[in-house]
Every structure is written in C-alpha cells, then in structure tokens.
Amino acid sequence: MAVFLQSALSGILIGGVYALTGIGLTLIFGVMRVINFAQGDLVMVGMYCTFWLFVLLGIDPFLSVVLTMPALFLLGALLQRTLINRVLDALPQNQILLTIGIGLVLSNTAMLVFTSDYRILSTSYSSSSVALGVIRLSTPLLFCFLITGVITAALYWFLVKTDTGHAIRATAQDRDAAQLMGVNVRFMGVLAFGLGSALAGAAGALVAPIYYIYPQVGGAFTLKAFVVVVLGGMGSIIGAALGGILIGMSESLAAVYIAADMKDLCVYVIFLLVLLLKPSGLLGKSRM
Amino acid sequence: MTPLLEVRDLDFAYGDVQVLRGVSLSVNAGEIVTLVGSNGAGKSTTLRNISRLLRPRAGTMVFDGHDLTRLAPHQVVALGVVHVPEARRVFPEMTVLENLRMGSYIASARAERAKNIERGLMLFPRLKERIGQLAGTLSGGEQQMLAIARGLMARPRLLLLDEPSLGLSPLLVRTIFDTIAQINAQGTSVLLVEQNVYQSLRIAARGYVLETGRIALSGTGESLLANSEVKAAFLGA
C-alpha cells in the first residue's frame, strides 16, 4: 500500500509539469487553432535559462520562474508576431511544418551555443525529501508541484475574472463574434502564444533541478504535452490539467508495477483507449 | 444633412461568385433603416462588409466622417458601430453575465458597464433569471435576447441587426420588434436586415429591397409596404 501511495503521489507531482506544458499548448490551440510542436523546445529554453541563471548568478531554480516566464513570454510573442501570424489562414499541415521548424531551430541553436553535453543542475536540496507518514516525497518535486498549482490557479483567475481573459476565451469560442465585440483577435493571438510559451518556460524552470538538461530534451515534452491535451480534450484547460495528472500517475505506477522501461507504453495504451472510447477527449466539448 | 452611415457602390465576391453589385445605402442619425430581400440576396454579406468581417472588392463606406474600409473590425466597434450577427453567435461556454460583459469590452464602454447590464436586463427580464447559466444552454429565443442585449452593452450609435426574428415564435417576434423600436427611441440608429418584411417595414423609417446583390427598390417604410411588387414578392398578396 505504501508503495502504491508513494508512486501515485510522485506521479501526481510530476503530472503537474505535464499539465503546465499541456495547458500552454491548449491555450495556443484554443485561440489560434494552431498546434505548437515547438512547445517542448520552449520548455528546453526555459531549462537552459534556469541552468545559467543558477550557475552564473546563483539564482535558485524555483525563484528563477519569475524571470524565465516573462522572458519566454516575450520570445513566444515575438515568434507569433513574426512567424505564426503569417500562417493563421494556411492549411494545418503547413502550420505544423512551421512550428516543427521553429522547434528544430531552437534545439539546434541550443546545441550550437551550449553543445550537446548533458548538464545537471544540483541544488542543496536536490536529493532531500519530505516525510509524510510512511511516504517520502522528493523536495524539488514537491516545490515544483506547489508552484505549478499557483501558476495554474493564477491563469485560471486571469481567464475567468479579467476583461482580457474574457477576450481570450471569447476569441477561442467564436473568433468572428469576438471581433464584433471590439476584440483585436490578432493581439489575442500574440497574447495566447506569449502565455503558452511562458507556461512552457515555467515548466522548464521547475523541472531543471529534476531532469537532465540537453538540447534535444524538448521532443519528449512536446509529445507528452500533445498526449495530455488530446486526452483532456483539445482547447480545454481543465482537461489539460486533468490529463497531465493522469499521465504522470499512470507513468509512475507503470514504472513500479510493470517495468520501468514500459512506462511510456502504458501511457500510450491509455491514450489510445481514451481516443477509442471518447474521441473528443475526457472533457471533449468544453472550451475554456 | 450628411447621413450617419453612407455605403456607396459596394462590390463583393466570394472567390468568383459576385454577391454584391454596386450596393448603395445610407442611414441617417436616429433612423431605423431596413434591408429586406429573399434568402441569398446578399443582406448578411452587406452587414459583414460594413463591420469589416469581409473585405469588399470595391466601394466606399463612411461612418460619421470615418472611412470604414481602412479599419479592422475592432476599430469599427470602437467608433460605435455594433453588429449583432446572424444566428446569435453568443459565446456558448460563457455565462449570460460574461457574455454581457464581453459586449462592453471596448475601453469606452467599461465605465458604464453596471448601468448597461441593468438596462439590458430590464429590456429582457428573462435573462435576469438565467444570469449565471452558460449561454450555450439557453433556448434559441433567449440566445437572441442575449445577442441583442450584448450588442447594446457598448451603447452603439449604429446597431446592425441581422435577422433578429429568425426561428422565433410569433409572439417573441413581436416582442423583439417592439424592443428594436424602443431601442431606437432611446437614440440608437438601426440598420435592420430581415426576412420578416412586414414587421421590419412596419417599424422602419426607410427600406431597401435587395435582389441578387442589387438594390432593386427603396423608399419609406410605408411606401414599400404599399408597393405592389413588394406585396407580390414578400407579403403574399
């Protein structure tokens, strides 16, 4: 029982990060109907930012979230304004080519600048843990989850309570009608891509003390974010949060009860089952 | 007197299909003007050109001295031209209140938001009972009320109404038209697109009849109601 609880809880904690990348992806998709296949590479950029802020300036990775998020917001907004904006009316496959291309440029630039060495960010608390009865939870993972929760709650508040948040949701639900309310939908696209990138950056900062940091690390995050979003229902934020937790948990349980190298297999089996039984995703119809 | 809105020689095509041919019309301040015609005549297309959701091939559109063809849709709204689109188009996953708040999204409308919500709910008391409900779960008639109330939230100078009576019960149709007259009496000019020719000509100062993309007839509401061609084509007489 202790083993079950231990691995389920660890899974939920790491699932928070998957949720964060997934929410970014779903936000971008909701507003612009563009699937951002560079999402994981933006996580990678966030990881490197955090790594260098720690190594050069000694800034704690969990504190550096407040720097990486705005930096990635600007990067995302810039990408949207200069590149994504041009393909909004293009065929989906062309949009996919563009976002995959952006991802390749990001990861190869990282390789050029930082080499393909694996780097490890180790803090004083990297290997410490917190005891909860018979369960021990890794301290960095716990911090990571708590900050994820705060960021998600803040985003939710922004979308539900503010005028700009309403405008983002309105644009996602009916682009034409939003324009008729006086919403500048092009600007909403920039904002959504900026926010989505900022969330990827936050995820990068939060996992920097837990994962190896290398230029190609993004691919795995993109794939997971995509699974999380499809699982939860494209465009649904609560769905993405739920999907993230679910994927994290099944991964962790599969590693313990089946085999460590089979955990990805389990994730995709669950993914395919959901698609088979409920093609629109767990929270299919609802959008933001 | 220069009209509030003047559309001149508007040409529009979807690809190779010419939809509007030299459409000219005007709305004076304080008027209700109606644009009637059968399905596919180009009525909605005309409104969508004015609100800039569509880009005309040729023609001019001037509102209160501003050249609309140079503006983006959200800038047209900021001038005080609000388009209530066909088929309601409420935001389905937002509550009635959130929809109303979206109606006053533009900066100049936010200060009077509470007052205008109050006013909208007075116009359509039914919405008050549904205030926290998701708009997608409302009935067709309620969604229409919400769409009109939402369109009024920015206190527009000119309201473009597209088929407000579509799919409503006869009783509700009367209510909606009475409400439009009431809104107009409070100072909002209205350009009304309708298939319900009798009701719209009844409340309109002037009307235009659109036939396959051209203005075929125009005149005062009364004269069009009495016109034999209009009677034959639309009023079944």
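Visitor: How many residue pairs are in polar contact between domain 1 of chain B and domain 2 of chain B?

Guide: One residue pair, with both residues at pLDDT 80 or more. A polar contact is a pair of N or O atoms within 3.5 Å; within protein, one must be able to donate a hydrogen and the other to accept it, and residues adjacent in sequence count only if both atoms are side-chain atoms. This is a predicted model, where local features need pLDDT of at least 70, side-chain atom pairs count only at pLDDT 80 or more, and totals for chains, interfaces and linings use all residues. Residues are numbered from 1 along each chain as its sequence is written, chains are lettered from A and ligands numbered from 1 in the order written, and side-chain values use heavy atoms, leaving out hydrogens and water.

Visitor: Where are these domains?

Guide: Domain 1 of chain B covers 1–80 + 158–237, and domain 2 covers 89–155. The bounds come from an automatic or database domain assignment. Their C-alpha centres lie 23 Å apart. Domain 1 of chain B brings 13 residues to the contact and domain 2 of chain B brings 11 (contact: heavy atoms within 4.5 Å).

Visitor: What area is buried between them?

Guide: About 1100 Å², with 73% from carbon and sulfur atoms. That is the accessible area (1.4 Å probe) that two parts lose on being put together, summed over both. Ile176(B), Ile183(B) and Gln186(B) supply 31% of what domain 1 of chain B buries against domain 2 of chain B, more than any other three residues.
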